[in-house]
Amino acid sequence: MLSFLEASFIRTCRNPVFCDMKFQDIFMLVIFHLSFMIGAALCLIIGVAMAMFWRSKNYWLKAHKTFNTTGFILLIIGAAMAIASAATGGGKHFAGLHQQI
């Protein structure tokens with residue numbers, strides 16, 4: 001039995017290359033997007049906090065650069081997952097406010 005989301009995905013699939021993908025595969029892209037974006041946000045927050053509060057430590061700059069670089073890389077990967085999910089979803093890519101931002 002197909003769920004409502006699976007049935008709407010099958011109905012709206014417009015890209016013949018990605019229409020063969022299963023709904024679970026596309027849902028995993030959304031989960032990866034969420035995970036990478038949360039990881040990026042945490043790394044960037046920690047990097048900023050190190051610059052604000054740990055300047056008296058000798059290692060603050062190295063840790064600040066490491067966390068911010070890691071956060072930026074996770075942000076790029078998360079954005080790639082969002083683009084891949086939108087490309088494979090088949091529906092309206094920019095239908096909601098979250099996608100437009």
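Leaving aside its neighbours within four places in sequence, with which residues is W54 in contact? The points below take up this question and then the rest of the chain.

1. Basis of the note. This is a predicted model, in which local features need pLDDT of at least 70 and side-chain atom pairs count only at pLDDT 80 or more, while totals for chains, interfaces and linings use all residues. Residues are numbered from 1 along each chain as its sequence is written, and side-chain values use heavy atoms, with hydrogens and water left out.

2. Contacts of W54. With neighbours within four places in sequence set aside, W54 is in contact with A49, Y59 and W60; contact means heavy atoms within 4.5 Å. W54 lies in the loop between helix 2 and helix 3. Helices (H or I, at least four residues) and strands (E, at least two) are DSSP runs, numbered from the N terminus. W54 counts as partly exposed because its relative accessibility is 36%. Buried means under 20% relative accessible area, exposed over 50%, and partly exposed in between, with a 1.4 Å probe and protein chains only.

3. The aromatic pair. A search of the whole structure finds one aromatic pair. The rings of W54 and Y59 have their centres 6.2 Å apart and their planes at 75°, so the pair is edge-to-face. Rings of Phe, Tyr and Trp (its six-membered ring) pair if their centres lie within 6.5 Å; planes under 30 degrees apart count as stacked, over 60 as edge-to-face and the rest as tilted. Y59 has a relative accessibility of 45% and therefore counts as partly exposed.

4. Is H64 buried or exposed? H64 has a relative accessible area of 18%, so this residue is buried. H64 lies in helix 3 (residues 60-89). Apart from neighbours within four places in sequence, H64 is in contact with G47, V48, M50 and A51. From C-alpha to C-alpha, W54 and H64 are 9.4 Å apart in space, and they are 10 residues apart in sequence.

5. Further positions in helix 3. T69 is placed in helix 3 and counts as partly exposed at 45% relative accessibility. T69 and C43 are 26 residues apart in sequence, with 8.5 Å between their C-alpha atoms. L75 is also in helix 3, and its relative accessibility of 34% makes this residue partly exposed. Not counting residues up to four places away in sequence, L75 touches M37 and A40. The C-alpha atoms of L75 and G39 are separated by 8.2 Å, at a distance of 36 residues along the chain.

6. The nonpolar patch. F27, M28, V30, I31 and F32 make a nonpolar surface patch of about 410 Å². Patches are made of residues with over 30% relative accessible area and no salt bridge: like charges are joined within 9 Å, nonpolar side chains (Val, Leu, Ile, Met, Phe, Trp, Tyr) within 5 Å. A salt bridge is a side-chain nitrogen of Lys or Arg within 4 Å of a carboxyl oxygen of Asp or Glu. M28 is in helix 2 (residues 23-53) and is partly exposed at 38% relative accessibility. I31 lies in helix 2 and is partly exposed, with a relative accessible area of 31%. The C-alpha atoms of I31 and M81 are separated by 9.0 Å, and the two residues are 50 apart along the chain.

7. The chain as a whole. The secondary structure comes to four helices and zero strands, in the pattern α-α-α-α along the sequence. Of the 101 residues, 24% count as buried. Among contacts between residues at least 6 apart in sequence, 62% join residues at least 24 apart. The chain exposes about 7,500 Å², of which carbon and sulfur atoms supply 72%; accessible areas come from the Shrake-Rupley method with a 1.4 Å probe, and for residues only the protein chains shown count as cover.

8. Confidence. The mean pLDDT of the chain is 78, and 62% of its residues reach 70 or more; pLDDT is the predictor's confidence in each residue, from 0 to 100. Among the elements of the chain, helix 3 has the highest mean pLDDT (89), and helix 1 (residues 4-12) the lowest (49). Over residues 4-11 pLDDT stays under 50, and for these residues the model has 11 contacts beyond four places in sequence.
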